[in-house]
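Here is a short note to read alongside the model. Please keep the structure open while going through the points.

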Amino acid sequence: MFQLEKNNEKIGAYLNKLIIAKYEKVRKFCIAYIKLSGLDWKDDSMIAKMQNRMSQIIKGNKAIQTYDLPIFCELLNVSCEEILSAGKHFVPISGHVTNYEIAFSKDKAIWNKYIGRD
């Protein structure tokens, strides 16, 4: 069982670190969030609203909503436990890559890695 971080500022700071490491800017993360949600990512007002919401979460003024958490986890490729514990608890999110996943992948680097393995 993991220990939930009760301080939203620590969670926000850790979330910001993850976002910057993967997306470089919060705006790019917001656009990816909107795309994954199936909304109009070309709408500047939607991006501005999401950036404002992320700013409040990062500062610790607001908590992460339950409907945001799975999307954050998928975009950042981390577990919900990692986010909610502010990086103190890690859970593997991917166990085993199957032949099926490799066969239907469009990424040649994945194919080459699979072919070149021992």
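1. The model is predicted. Its salt bridges come to a count of 3.

2. Arg 53 and Asp 68 form a salt bridge through their side chains, with 2.6 Å from N to O. Arg 53 belongs to helix α3 and Asp 68 to the loop between α3 and α4, so the bridge ties together parts 15 residues apart in sequence. Asp 68 is buried, because its relative accessible area of 0% is under 20%. Arg 53 is partly exposed, at 26%.

3. A salt bridge also joins Asp 44 and Arg 27, at 3.9 Å from N to O. This pair links distant parts of the chain: Asp 44 is in helix α3 (residues 44-59) and Arg 27 in helix α2 (residues 26-37), 17 residues apart. Asp 44 is exposed, with a relative accessible area of 54%, whereas Arg 27 is partly exposed, with 36%.

4. Lys 28 makes a salt bridge with Glu 24, and their closest N and O atoms are 3.6 Å apart. Lys 28 is partly exposed at 43% relative accessibility, while Glu 24 is exposed at 57%.

5. Which residues form a nonpolar patch on the surface? They are Ile 110, Trp 111 and Ile 115, with about 300 Å² of accessible area together. Trp 111 sits in helix α7 (residues 108-115) and is partly exposed, with a relative accessible area of 32%.

6. Glu 74 is part of helix α4 (residues 69-76) and is exposed, with a relative accessible area of 55%.

Terms used:
Residues numbered from 1 in each chain as written. Predicted model: local features only at pLDDT ≥ 70, side-chain atom pairs only at ≥ 80, totals over all residues. Heavy atoms only, no water. Patch = residues over 30% accessible without salt bridge, like charges linked within 9 Å, V, L, I, M, F, W, Y side chains within 5 Å. Areas by Shrake-Rupley, 256 points an atom, 1.4 Å probe, with all protein chains shown as cover. Salt bridge = Lys/Arg side-chain N within 4 Å of Asp/Glu carboxyl O. Helix = DSSP H or I, 4+ residues; strand = E, 2+ residues; numbered from the N terminus. Buried < 20%, exposed > 50% of the residue type's maximum accessible area, 1.4 Å probe, protein only.
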